[in-house]
Amino acid sequence: MDMHSLPVPDLRDDKKHREKQFHGHENSNRFRPPKYKARGSYVMGENNNLNRSSSVGGGSPYNFNNTSQLAHAISFRETNSSSPSHSLPLIANNNEDVDANSSSSFGNSSHFELCFERLAKLGEGSFGEVFQVRDRSDGQMYAVKISKQLFRGEQYRSERLEEVRRYEQFSGHENCIRFIRAWEQYDRLFMQMELCRESLEQYLCRCQHQIAEERIWHILLDLLRGLKSLHDRNLIHLDIKLDNVLIGEDEETCKLADFGLVIDVDKANSHHATEGDSRYMAPEILQGQFSKAADIFSLGIAMLELACYMDLPSNGPLWHELRQGILPEEFIDKISVELQQVIKSMMTPDPQQRPTVEELLNHPRLQQMQQREKSLMTFNYLSKSFRRSSRYFWLKMCNLKIWAYRYIFYFLEILHIHKPLKLPMASKQTDSLKPTPYPPSSPSNGNANPNPHPNTNNQLSNTPIMPVPDIELQLVGSTPIANRDYYTSDFLTREDAFDISPQGSPGIAINSTPLNHKHRDKR
Ligand SMILES: Nc1ncnc2c1ncn2[C@@H]1O[C@H](COP(=O)(O)OP(=O)(O)OP(=O)(O)O)[C@@H](O)[C@H]1O
Ligand SMILES: [Mg+2]
């Protein structure tokens, strides 16, 4: 193929595009090259699965027909699936928050305004504006993409709704954007999806040329995985570019987004397919050849832009050189030979010679990374289950300890009932402790004076011998058995608890809860 003979796309120069976009002055139609009209006209994928499940009415601020004023949920999923896509977003109970610019009555506000608080504009493309919103019903943050153009006709509307089908299709994949639901109202399409941190384009502008090569490899791996989920279904993205790759909330995972141009490979060449951004466009697209290899080229050139911080041309001599396998040395030299080779292979002019997604995923470097990820996941899984089982085991042990202590104290209690302690008490008792007098000592045991203290013998002969308070019952009753672990020392080595000498106050002795260490400290 003589690549020199390729026609130069007639596009406006957009050198300042990146800066402008980063600062939010993007002209959204700038990147769209003139539409390539392939043979015949592109017929929208059969739309007979379309479910318009629910609708909410409202007076329109515009003058549309009645049907367009109603909010319709759009979904191509099975009606019995449990996903929320069949339902419209919930209208919050408290509608007072509806922003002042919109009319707050249910009758005049769009469903979007009733359900979401618009916080910021995240970006804009040729088809839609994307806003960061807070869902009034659950307080969570989302992104909502609102189509810019009104549905001019059924064909245009069908094309826009096709994007919903694709979002739904890839929503479950880790490297594709998570889709929540879509609905149409006032001849516009609204798509609610997960909120991402930023696009790769914005990331590149923020980091300048300081993205580590290791990170580039990780991004490539993520995008190849996302792309594989499309190619496995025989679908092609046709609009892979930094702006259509989003970085998730974890600031790590890269996700493919913007499925507006996705098309079935088999239908792509016989129908009216739309090519994407000319800066990322594979050369064969100009001849009307749409294939999976076109996505590989776009991903390759996007990696070149990311790794070498190269401003990609949308036309001109450099545009052609890049499509003839000539990569400017001053840029490509910045990266390792290994990465250079991968990018060059992805940008091979002949689409047949380009590696497939599977072949790229089998690259030794990417294999090694996947292997490392797998071992890390296994390690995380094992350590998680070890932590869980050790927690379970420890709980069981604690329960055993609790039961063991309970039994010990029940046992001690029983022992005490049968053999109560008979120790002398101080002659002066506090009023707060009203001890019951000892029963008269039995002559049979010959223990007329049970008090062994020599200094108190005389006093004791005139005063009744006081009993030992029921210490053990206080111990059991005042211990928060169910709430903590027990240590033998808590119960068994507390001298205070059993300190019933005449000087000691029985009141202190009664306060024998093992947890109360203050008493000991005071002394
Ligand atoms: N879920 C999201 N979270 C955060 N930002 C987003 C999200 N979706 C889109 N954006 C931002 O909005 C921009 C435009 O979104 P999107 O690419 O879907 O619109 P588009 O009109 O289809 O664009 P294009 O011109 O590429 O077809 C993105 O480049 C990105 O910066
Ligand atoms: Mg886009």
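Predicted model: local features only at pLDDT ≥ 70, side-chain atom pairs only at ≥ 80, totals over all residues.
**Ligand 1 and the magnesium site**

Residues are numbered from 1 along each chain as written, chains are lettered from A and ligands numbered from 1 in written order, and side-chain values use heavy atoms, without hydrogens and water.

User: Which protein atoms are the donors of the magnesium ion (ligand 2)?
Analyst: Donors are N, O and S atoms within 2.8 Å of the metal (3.2 Å for Na, K and Ca), and sites may look incomplete because water is not among the atoms. Lying 2.1 to 2.3 Å from the ion, the protein donors are Asn244 (OD1) and Asp258 (OD).

User: How many residues apart in sequence are the parts that Asn244 and Asp258 tie together?
Analyst: Strands here are DSSP runs (E, at least two residues), numbered from the N terminus. Asn244 sits in the loop between β9 (235-236) and β10 (245-247), and Asp258 in the loop between β11 (254-256) and β12 (263-264), so the parts tied together are apart in sequence by 14 residues.

User: Which residue has a backbone N or O atom 2.7 Å from an oxygen atom of ligand 1?
Analyst: Polar backbone atoms also lie 3.0 Å from a nitrogen atom of ligand 1 at Cys196 and 2.8 Å from an oxygen atom of ligand 1 at Asp243. At 2.7 Å from a ligand oxygen, the residue asked for is Phe127.

Note on methods
Polar contact = N/O pair within 3.5 Å; in protein donor to acceptor, adjacent residues only side chain to side chain. Helix = DSSP H or I, 4+ residues; strand = E, 2+ residues; numbered from the N terminus.
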